[in-house]
Amino acid sequence: MRTVVRGTVIHVVAAVGVCALIAAAPAQRKKKEEITQTLQLPKELPAAVAGETRRLTFHTTPLSSKGLLSAQVRDALKALGHEAGGGTVLHIRAFVAGSGDLRRVRDLVSEHFGDHKQPLPALSLVRAGGLPLEGAQVVLEATAVGKKDVNPNGLVFVPGAAATSDRPLDPVPPLAARSLEQLRQALKDAGSDATDVLRVTCMVSSLDQIAEVRKLVEAEYPRASLDYVQTQRAAVQALAACEAVARLHSGIAKRVQWVGPEDAPRAAMVAAPHVVLTGTQVSYGYQDADSRLAFERLVKTLEGMGVSGRDAVYARYYPLAEPIAAQVRKLRAGFLGSPASSMITVEGLASMDAGFAADVVAAKE
């Protein structure tokens, strides 16, 4: 009898052990599956988007010095959601200071809008020399589309009129005053005034006297969204170039009209029902052939949106050096005609072998 009991105990213990192993197996398989699971890659951002001209709004995120680049980008995107007030963000221009990986910004933008189940925006990505807050690494300028008509007559795009000095250490405020004077005149010639201005971005060669520059800009455009960016860490000349977008104060006869000569306009007045906004198209390499390929890709992007290079009304060029800027000046008319344009040398772009980048606003029916 004792032997039978002992055998029964042994069998019971063995059975309990087998059951425990069977119960643990799914958990172990699940854990193994979780370990080998791959992360989903961020979705590719669109090369261009379109929006209704009358409903476009313009925003600039506040600067923050908290955390590293990724944390600051997330905070800026969160702030942008509040700034846009429920509108759909169509385009973002990101100025990134410091040595952080620019490509990370692109991934974070894709992740943010994907996680929130929102349409992905086009992205212009530029490395700047600095931002006017110590420790700040990113500022986002955004164009969104709301539900109401806020620009009933259309928009006027005014490129930054660069005021420069060959002496890199010359003070920036007098140059900013000269650039703002040209901005004021372009707005006046377009029939708009300071109260119509929606956003002003001032590119400067140095932030040493940025408080004085702020005072000049804020006194003239207190209602506008404002941004200040140092273009390079060590500029070869002193510079101030203040660009703006404003509401058209009154209607115009055509869908697009120019301020100044058509072959070198100082501003573009746009009453077309829609505009196309491209992200930055980058030239990979430093030869004419590389620049041509970049322009061809940019035109192809526009054509994919139902417009052509000749529909471009505003172009912003970001060369890394003056020889590249000279290439752009030589080639651009063959692809985009003569839109209102700016040419600002910047610290860097998203590719190590980039020569320049460009983004475009085009008129669309």
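Author: Ala, Val, Leu, Ile, Met, Phe, Trp, Tyr, Cys and Pro count here as nonpolar, Asp, Glu, Lys and Arg as charged, and the others, Gly among them, as polar. The structure under discussion is a predicted model.

Reader: How do the residues that line the largest cavity divide into nonpolar, polar and charged?
Author: The whole structure holds one cavity of 30 Å³ or more. Its lining comprises 22 residues, with T143, F157, R199, Y314 and R316 closest to the centre. By class, the lining of the largest cavity divides into twelve nonpolar, four polar and six charged residues.

Reader: How much space lies in the largest cavity?
Author: A search of the whole structure returns one cavity of 30 Å³ or more. The space in the largest cavity is about 230 Å³.

Reader: How many helices and strands does the protein have?
Author: Buried residues make up 49% of the 365 residues in the protein. Of contacts between residues at least 6 apart in sequence, 86% join residues at least 24 apart. The elements of the protein are eight helices and 16 strands.

Reader: Which element gives the most to the lining of the largest pocket?
Author: The largest pocket has a volume of about 770 Å³. Of its 35 lining residues, the closest to the centre are G160, A162, S341, S342 and M343. At least two residues each come from β6 (155-165), α4 (172-189), β9 (238-247), α7 (322-331) and β15 (340-343). With six residues, the element that gives the most is β6.

Reader: Which element gives the most to the lining of the second largest pocket?
Author: The second largest pocket, with a volume of about 420 Å³, is lined by 17 residues, of which E44, R106, L123, T280 and Y284 lie nearest its centre. Two or more lining residues come from each of β4, β13 (281-284) and α6 (288-304). With three residues, the element that gives the most is β13.

Reader: How many residues of the lining of the second largest pocket are nonpolar?
Author: This lining includes six polar and two charged residues. The nonpolar residues of the lining number nine.

Reader: Is T53 buried or exposed?
Author: T53 sits in the loop between β1 (48-52) and β2 (56-60). Beyond four places away in sequence, T53 touches N151, G154, L155, V270, A272, P273, H274 and V275. The cut-off for a buried residue is under 20% relative accessible area. Because its relative accessibility is 1%, T53 counts as buried.

Reader: Which residue has its backbone oxygen 2.7 Å from a polar atom of the side chain of T53?
Author: The residues that T53 touches include V270, A272 and P273. The backbone oxygen that lies 2.7 Å from a polar side-chain atom of T53 belongs to A272.

Reader: Is K117 buried or exposed?
Author: K117 is found in the loop between α3 (102-115) and β4 (122-127). Its phi is near 55°, a positive value in a residue other than glycine. A residue is exposed at over 50% relative accessible area. Because its relative accessibility is 75%, K117 counts as exposed.

Note on methods. Residues numbered from 1 in each chain as written. Predicted model: local features only at pLDDT ≥ 70, side-chain atom pairs only at ≥ 80, totals over all residues. Heavy atoms only, no water. Helix = DSSP H or I, 4+ residues; strand = E, 2+ residues; numbered from the N terminus. Buried < 20%, exposed > 50% of the residue type's maximum accessible area, 1.4 Å probe, protein only. Polar contact = N/O pair within 3.5 Å; in protein donor to acceptor, adjacent residues only side chain to side chain. Contact = heavy atoms within 4.5 Å. 1 Å grid on protein atoms, 1.4 Å probe; cavity = no way out; pocket = protein on both sides within 12 Å on 5 of 7 lines; lining within 4 Å. Points joined across faces, edges and corners; volume = space filled by probe spheres on them.
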